There are 2 protein chains.
Amino acid sequence: MPSVSDVIAATTDAVAQDSAKAQVLVRTSGHLTGTVETTLRSGRHTVVVDEPAALAGEDAAPGPVDYALIALASCQAVTYRFWAAKLGVELEDVEVAVEADLDLRGFLGLNDDVRPGFGAVRIAVTPKGPESAERYAELTEAVNAHCPVLDLFSNPTPVEHRVAVAA
Amino acid sequence: MPSVSDVIAATTDAVAQDSAKAQVLVRTSGHLTGTVETTLRSGRHTVVVDEPAALAGEDAAPGPVDYALIALASCQAVTYRFWAAKLGVELEDVEVAVEADLDLRGFLGLNDDVRPGFGAVRIAVTPKGPESAERYAELTEAVNAHCPVLDLFSNPTPVEHRVAVAA
């Protein structure tokens, strides 16, 4: 398995010659497999998503909004790993905790002034290693400027929605 | 297990009496457990996130951006289920496929004009059941106005970031 530094060097070289090499198509698909349980394919993986009993599920797996935070927390961790390698900052581990406020009145249409999504999100990260607090602060600044899922949370993404009715 | 209609009725009643009943705190936490593998807790569940070899991982699990799409696809499915019950639209199943464009030059800092997150996202849904195309179109409109993760993708969410250095 190539190291993070190998991957950065190889990708940087490949993209310098052909920027199309940097284009990735990410996808998933699936359907309802229970009252509110969804089963999805993602590459060679199968992922189950469910809801707690309070939302008519069986808590067989995390829910959609949980997976959104899992995406953010893990993206932060990976971006710390990559940018630590890029900036030459030693990083032994990084702990990430994410929490978010959700007001179900938005989802359930009980108050039009309440957005359906998260009202606010809070991230706490603890980078671990021998470097100074200043170096980890510098690393954090680079991470937050380049973390794909933090960008997804912080800024609007154009979404095109198409509905097909089954034959 | 209560039905979706039971949950909607009970939550609507509870929230009418005390809007604090609609407030949910969603959270996850964990740390790097491999080169780019992260292991996170979400309620009683443990979720592993990895990357493909092209990003220095072992493809042990979907990656952060994959989980972001899994969150969106499953949230669409659950929101179809809830709003079908709310609007009295019969729904046997819903298929959801999501794809997104990602340009790794943003993540890797190779071009400052490229955003780190998704450039665009496309959702295709196929609601299944005996209703007319018009009824499913009406349902889709309600779903897209109330889907928490679609809101997260489409609109900015305030994110507060705090870094602590390990003692």
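# Close-up views of a predicted two-chain model

**View 1. A:Asp103 and A:Arg105 are joined by a salt bridge.** The closest N and O atoms of this pair are 2.8 Å apart. A salt bridge here is a side-chain nitrogen of Lys or Arg within 4 Å of a carboxyl oxygen of Asp or Glu. A:Asp103 is buried at 11% relative accessibility, and A:Arg105 is buried with a relative accessible area of 17%. Buried means under 20% relative accessible area, exposed over 50%, and partly exposed in between (1.4 Å probe, protein chains only). The model is predicted, so local features need pLDDT of at least 70 and side-chain atom pairs count only at pLDDT 80 or more, while totals for chains, interfaces and linings use all residues; side-chain values use heavy atoms, with hydrogens and water left out. Residues are numbered from 1 along each chain as its sequence is written, and chains are lettered from A and ligands numbered from 1 in the order in which they are written.

**View 2. A:Arg122 and A:Glu99 form a salt bridge within chain A.** Their closest N and O atoms lie 2.8 Å apart. A:Arg122 belongs to strand S5 and A:Glu99 to strand S4 (residues 93-103), so the pair ties together parts of chain A that are 23 residues apart in sequence. Helices (H or I, at least four residues) and strands (E, at least two) are DSSP runs, numbered from the N terminus. Both ends are partly exposed: A:Arg122 has a relative accessible area of 22%, and A:Glu99 has one of 25%. A network of salt bridges links A:Glu99, A:Asp101 and A:Arg122. Over all chains, the whole structure holds 14 salt bridges.

**View 3. B:Asp59 and A:Arg44 meet in a salt bridge.** The N to O distance is 2.9 Å. B:Asp59 sits in the loop between strand S3 (45-49) and H2 of chain B, and A:Arg44 in the loop between strand S2 (38-42) and strand S3 (45-49) of chain A, so the pair joins two chains. B:Asp59 is partly exposed at 24% relative accessibility, whereas A:Arg44 is exposed with a relative accessible area of 57%.

**View 4. A:Arg115 and B:Asp151 form a salt bridge.** The closest N and O atoms of the two residues are 2.9 Å apart. Across the interface of chain B and chain A, four salt bridges are found. There are also 56 residue pairs in polar contact between the chains (both residues at pLDDT 80 or more). A polar contact is a pair of N or O atoms within 3.5 Å; within protein, one must be able to donate a hydrogen and the other to accept it, and residues adjacent in sequence count only if both atoms are side-chain atoms.

**View 5. Chain B and chain A bury about 10,400 Å² between them.** Of this area, 64% is on carbon and sulfur atoms. Buried area is the accessible area (1.4 Å probe) that two parts lose on being put together, summed over both. B:Val26, B:Phe107 and B:His161 lose the most area in chain B to chain A, together 7% of what that side buries. In all, 119 residues of chain B are in contact (heavy atoms within 4.5 Å) with 119 residues of chain A.

**View 6. B:Ser74 lies in helix H2 of chain B.** B:Ser74 is buried, with a relative accessible area of 0%. Its side chain reaches the backbone oxygen of B:Ile70 at 2.7 Å. Apart from neighbours within four places in sequence, B:Ser74 is in contact with A:Thr38, A:Leu40, A:Val49 and A:Pro64.

**View 7. A:Phe118 and A:Phe153 form a stacked aromatic pair.** The ring centres are 6.2 Å apart, with 15° between the planes. Rings of Phe, Tyr and Trp (its six-membered ring) pair if their centres lie within 6.5 Å; planes under 30 degrees apart count as stacked, over 60 as edge-to-face and the rest as tilted. A:Phe118 is in strand S5 (residues 118-128) and A:Phe153 in helix H5 (residues 148-154), so the pair ties together parts of chain A that are 35 residues apart in sequence. A:Phe118 is buried at 2% relative accessibility, and A:Phe153 is buried at 1%.

**View 8. A:Ala84 lies in helix H2 (residues 64-87) of chain A.** A:Ala84 is buried, with a relative accessible area of 4%. Not counting residues up to four places away in sequence, A:Ala84 touches A:Val89, A:Leu91 and A:Leu139.
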